[in-house]
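Welcome! Please take a moment to look over the sequence and the model before reading on.

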Amino acid sequence: MAIPFSTLQMYDQYLTTYRSRDNNTTYRVKNSRRSSRHATHDAEELKDIYTTIQWKNRFAPLYMTDPSPKSIAFAVHLKESANGLKQTIDSLSGEDDELFSMKTAYSDNEDLVSVEYIAEDADDTEVPQSFSLEVESFATPQINTSKFLKANQTVALEPNSYSFDILTNKLHYELQFNVNEGETNNDLQQKLARLINNSDIGVSAKVVETRGLSALEITSEAYGLPYQGERHFTINDDNTSYNSGIVDYLGLNKSIREASNAIYTINGSEESSYSNSFSVHGAYHVTLHPENSTPNSVPSKNITAQTASVHSSNAGNATIGLYPDGKSLSNNIETFVEGYNHFLNGVLKNVSDETEDVNTNPLTRLLANDLHKFLERHSTNLEQYGIHVNEDATLEYEKNEDIADAEAIKGFGHHILKKLNSIALDPMEYVDRRICAYPNPNATYPNPYMTSIYTGMLFSIYM
């Protein structure tokens with residue numbers, strides 16, 4: 001069923017107004033890929049959620065609340081954060097959907113190549129336990145470098161309006177600008193770099209400077225050999241709307257380093273990729289890191305750009321494989337503990353000042369106390385894996401790779417998923433509220449008030 005545009009607008013308003021931004025970029029990037037696979041729900045799951053809401057409302061008393069903007073923001077942020085932690089925990093399930101059984105991969109040369117293992121992406125062939133990867137060259141973009149001109153010298157073009165064309169494989173762009181009286185070469189290059197970057201046309205630009213000289217460097221966002229045509233972009237001013245001459249003056253086609261594919265071998269078999277990220281047997285998602293590579297030699301001017309991009313790397317090799325079950329279990333637990341602490345600290349710090357105690361703040365007291373009691377009930381099972389519960393309801397983890405029995409942690413995983421489902425279903429339980437009336441035990445109809453209060457957070461017009 002199609003989602004109405006008005007509903008999308010409401011949900012966007014719901015998130016942008018109430019949910020705080022996650023400033024922990026490292027955590028977000030690390031976990032976004034693995035948890036995004038679990039961010040959708042089928043019709044049966046949605047039906048179960050609806051049934052649970054009806055059942056909960058049937059026996060819920062009527063509450064009197066004070067829905068201040070701060071408490072509403074807390075409730076919505078709590079709901080979204082709980083759903084985020086659920087996705088993280090779900091993502092730790094393996095091929096058999098058992099929690100904390102996800103296999104994890106390693107690379108013995110993290111500076112050269114990192115890897116992530118996603119079992120459900122595996123192709124029809126048998127996925128090996130390990131393989132060797134030797135990188136001959138990285139995938140590179142196309143780079144056009146202009147002539148190096150004296151940076152502080154006045155532009156030797158008549159002040160006027162100029163333009164030039166950048167043609168990509170799909171579109172044709174004309175960039176227009178003015179050359180002003182007394183403008184220097186560096187001023188002009190900086191102006192063009194800003195113009196290109198602000199245009200969002202699939203290329204980026206920067207000014208490189210050395211020994212009083214400066215040049216404009218234009219780089220394609222696409223890596224690897226073009227799917228069609230010889231280059232990712234071309235530059236000319238043969239048929240532009242305003243004055244021509246800028247391409248020749250700056251030498252925008254003076255030096256062109258052609259894009260190249262990544263070249264590598266897997267167990268001695270040569271492969272290539274348009275990108276520095278590719279999959280091996282579907283399940284191993286490999287990312288090469290050219291930023292950490294030190295070229296073994298500097299190519300001479302007589303070597304073509306295509307050859308230079310290949311021979312300037314010769315980066316090295318790595319062994320990639322799957323960790324033993326004990327190590328994978330330890331990594332899964334570490335991911336869970338990190339995700340849980342990120343969830344809790346994000347919610348509590350969202351509404352508390354640094355000087356405030358979360359156990360006395362009315363918006364965080366109930367959540368902190370409830371989670372601490374919940375974790376204390378499971379502390380015996382957690383401690384056998386090296387997980388310790390702190391007074392502030394956060395967790396500490398001492399890695400133990402010798403434990404192979406995962407039954408206890410799997411059981412805890414199911415319990416905390418139920419807890420997170422409950423939090424996401426009604427985050428208003430953690431906002432101070434006063435019971436106004438209990439439902440009639442002889443009636444079986446749902447209580448309409450609780451749902452209307454919670455739904456009202458979407459529209460900001462209730463109460």
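## About the model

This is a predicted model, in which local features need pLDDT of at least 70 and side-chain atom pairs count only at pLDDT 80 or more, while totals for chains, interfaces and linings use all residues. Residues are numbered from 1 along each chain as its sequence is written, and side-chain values use heavy atoms, with hydrogens and water left out.

## The chain as a whole

The protein chain holds 12 helices and 20 strands. Helices (H or I, at least four residues) and strands (E, at least two) are DSSP runs, numbered from the N terminus.

Of the 463 residues in the protein chain, 43% are buried; buried means under 20% relative accessible area, exposed over 50%, and partly exposed in between, with a 1.4 Å probe and protein chains only. Among contacts (heavy atoms within 4.5 Å) in the chain with a separation of 6 or more, 72% are between residues 24 or more positions apart.

## The nonpolar cores

In soluble globular proteins, nonpolar side chains tend to be buried together. A nonpolar core here is a set of buried Ala, Val, Leu, Ile, Met, Phe, Trp, Tyr and Cys residues joined through side-chain atoms within 4.5 Å. The largest such core has 44 residues, of which Ile333, Phe336, Tyr340, Phe343, Leu367, Ile387 and Ile409 touch the most other members. At least two residues each come from H4, helix H8 (325-351), H9, strand E18 (387-389), strand E19 (395-397) and H11. H8 supplies the largest share, nine residues.

Leaving aside residues up to four places away in sequence, isoleucine 409 touches Phe100, Leu329, Ile333, Leu382, Tyr385 and Ile387. A second, separate core has 26 residues, including Phe164, Ile201, Leu216 and Ile218.

## Two helices packed against H11

Two packed helices are described by the angle between their axes and the distance between the axes. Axes are lines fitted to C-alpha atoms, for helices over the stretch in contact, and angles run from 0 to 180 degrees between N-to-C directions. For H4 and H11, the angle is about 155° and the axes are 8 Å apart. H4 is therefore roughly antiparallel to H11; angles under 35 degrees count as roughly parallel, over 145 as roughly antiparallel, 65 to 115 as roughly perpendicular and the rest as oblique. On the H4 side, Leu78, Lys79, Ala82, Asn83, Leu85, Lys86, Ile89 and Asp90 meet Ile416, Leu417, Leu420, Asn421, Ile423 and Ala424 of H11.

Helix H9 (residues 365-377) also meets helix H11 (residues 407-425): their axes come within 12 Å and cross at roughly 160°. H9 and H11 are therefore roughly antiparallel too. Here Leu367, Asp370, Leu371, Phe374 and Leu375 of H9 make contact with Phe412, His415, Ile416, Lys419 and Ile423 of H11.

## Two buried residues

Serine 81 lies in helix H4 (residues 69-90) and counts as buried because its relative accessibility is 12%. Not counting residues up to four places away in sequence, serine 81 touches Phe343 and Val347. Serine 81 and histidine 342 are 261 residues apart in sequence, yet 9.1 Å apart in space, C-alpha to C-alpha.

Histidine 372 is found in helix H9, and with 17% relative accessibility histidine 372 counts as buried. Its contacts, again not counting residues up to four places away in sequence, are Val389, Asn390, Glu391 and Ala393.
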